[in-house]
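Biologist: I am new to reading protein models. Could you walk me through this one, a feature at a time?

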Amino acid sequence: LMQSQLSQALNGLSDRAKEAKEFLVQLRNMVQQIQENSVEFEACLVAQCDALIDALNRRKAQLLSRVNKEHEHKLKVVRDQISHCTVKLRQTTGLMEYCLEVIKENDPSGFLQISDALIRRVHLTEDQWGKGTLTPRMTTDFDLNLDNAPLLQSIHQLDFVQMKVSSPVPAPPILQLEECCTHNNSATLSWKQPPLSTVQVEGYILELDDGNGGQFREVYVGKETMCTVDGLHFNSTYSARVKAFNKSGVSPYSKTLVLQTSEDTQAEEQSLPFPVPLERSQLRRMSPFSSTLNLQPSFPGRSYFELRSSAHQLSLHSSLQSLNSAVDIKKMVAVAWFSFDPSSAHADIVFSNDNLTVTCNSYDDRVVLGKTGFSKGLHYWELSIDRYDNHPDPAFGVARLDVLKDAMLGKDDKAWAMYVDNNRSWFMHNNSHTNRTEGGITKGATVGVLLDLTRRTLMFSINEDQQGPVAFENLEGLFFPAVSLNRNVQVTLHTGLPVPEFYASRSAM
């Protein structure tokens, strides 16, 4: 009897011990999550403080400019008065010397003839040195007093705002292995929420590393639960993970999925012989949430680090079954990210913003290409017009790698482009201009380029509306995104974008 009682007691104690072990695992996971959140939070804080410092430096430059203008104004007034007074003094001195010479003359009759005129001239000159003539017109003091007290008070009051949590954060998503696959140098991933989860989800964040065990990068943010990532390196092992978010915050990551791209370097998707950066440009309509610090969600400085454990990794190779090819084009989100290529561009092209923004040193048109070339698939990217002066004609489209770099895009047979001014656009290939279409660009406009190598067509849009008919057909071969512009234009490249609505609706017909 006592043995039975002891056995029952041990069973209860064993259950508690098991619960304690599970609790310890939970606590260790919390330690990892706290470390990750701390890194992200510190990055956000540094970014916000740096933004304040940048704003203060810009304001300081503006105030110094005002001081310099006041300085130049005071100098000009004083120098003008010096010049004026010097001339009058020279005239006065000359008159005095002449009068002294006349007084010395011994001819009384000659003196009487000119004395009245000289006396009047002396009195007139004396009157010209009237009141105020010998008074400075400008003070040496700078009557500018910087009112910095409110700003200093605001800096001292700068503090964190505790965000109110209205609902729980989502549970980690579950990667659906049966729907994930790799093909050549692209990968398709699918995920879902846990079956019993009742927490509302507003969207998901998919991350990939660089194929070499490096830092994770966001490649998709949105509501879809499936994403195809193009333009990866061949024969590389990528790690992928996904997390969900709502207004309350971001979930923990899913388990890490390891994917192997094809070893076939002759596959049709090709890249230039240097690494394509795994950095996502800002996605349109990408961010339905904000951080605790109210930082803009699209801020590119946020970083994420993963302390991976092999027990949490799942291996998946390209032998898994492919997805059903009949998936609706609006459900599949094609993500192909790339930047401009400094090594193949004309020397006059000026790069900034991690090679996503370009302008030119010359008034002549110069060509710059994207880093990645495409020979199959559906690809869409956009270029926002950051600066547009004096009605230039920038051109947008695709080109071969050996396209002319010192002429407008489309002047030779190596490029297919749309060039546009502030009123209308034309398509151009091999210096042949066609399809004049009303509707141009201004500063802030967006030009879209849609390359469909399944249908072998190239189309364009301005501000998300199709511009003209299908621009070019029967395209075949390897094409690189391309732009030509001069110093009156600056554009920024946006990649990793979904297919535009006008084309998605055409494809569904």
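Modeller: The protein chain holds four helices and 26 strands. Helices (H or I, at least four residues) and strands (E, at least two) are DSSP runs, numbered from the N terminus. The model is predicted, so local features need pLDDT of at least 70 and side-chain atom pairs count only at pLDDT 80 or more, while totals for chains, interfaces and linings use all residues. Residues are numbered from 1 along each chain as its sequence is written, and side-chain values use heavy atoms, with hydrogens and water left out.

Biologist: What share of the 509 residues counts as buried?

Modeller: Buried means under 20% relative accessible area, exposed over 50%, and partly exposed in between, with a 1.4 Å probe and protein chains only. Here 39% of the 509 residues count as buried.

Biologist: How do I read contacts along the chain?

Modeller: A contact means heavy atoms within 4.5 Å. Taking contacts between residues at least 6 apart in sequence, 70% join residues at least 24 apart.

Biologist: How can I check the length of helix 1?

Modeller: The expected span of a helix is 1.5 Å times one less than its number of residues. Helix 1 (residues 2-104) has 103 residues and should span 153 Å; its end C-alpha atoms are 148 Å apart, which agrees. Some of its residues are buried, among them Glu36, Cys44, Lys74 and Leu95. The cover over the buried residues of helix 1 includes helix 2 (108-128).

Biologist: Now the strands. Which strands pair with strand 26?

Modeller: Two strands pair if DSSP finds at least two bridges between them. Strand 14 (residues 357-360) pairs with strand 26 in the antiparallel sense over two bridges, with Thr357 opposite Thr492. Strand 17 (residues 378-388) also pairs with strand 26 in the antiparallel sense, over six bridges; there Leu383 has Leu493 as its bridge partner.

Biologist: Why is strand 26 said to be largely enclosed?

Modeller: Five of the six residues of strand 26 (residues 489-494) are buried, so the rest of the structure largely encloses this strand.

Biologist: How many aromatic pairs are there?

Modeller: Rings of Phe, Tyr and Trp (its six-membered ring) pair if their centres lie within 6.5 Å; planes under 30 degrees apart count as stacked, over 60 as edge-to-face and the rest as tilted. By this rule there are seven aromatic pairs. One of them, Phe338 with Phe374, is edge-to-face, at 6.1 Å centre to centre and 65 degrees between the planes. This pair links distant parts of the chain, 36 residues apart.

Biologist: Are Phe338 and Phe374 buried or exposed?

Modeller: Phe338 counts as buried at 5% relative accessibility, and Phe374 counts as buried at 1%. Another pair, Phe427 with Phe472, is tilted: 6.1 Å centre to centre, with 50 degrees between the planes. Phe427 lies in strand 20 (residues 424-429), and Phe472 in the loop between strand 24 (465-466) and strand 25 (480-485). Phe427 is buried, with a relative accessible area of 0%, and Phe472 is buried, with 11%.
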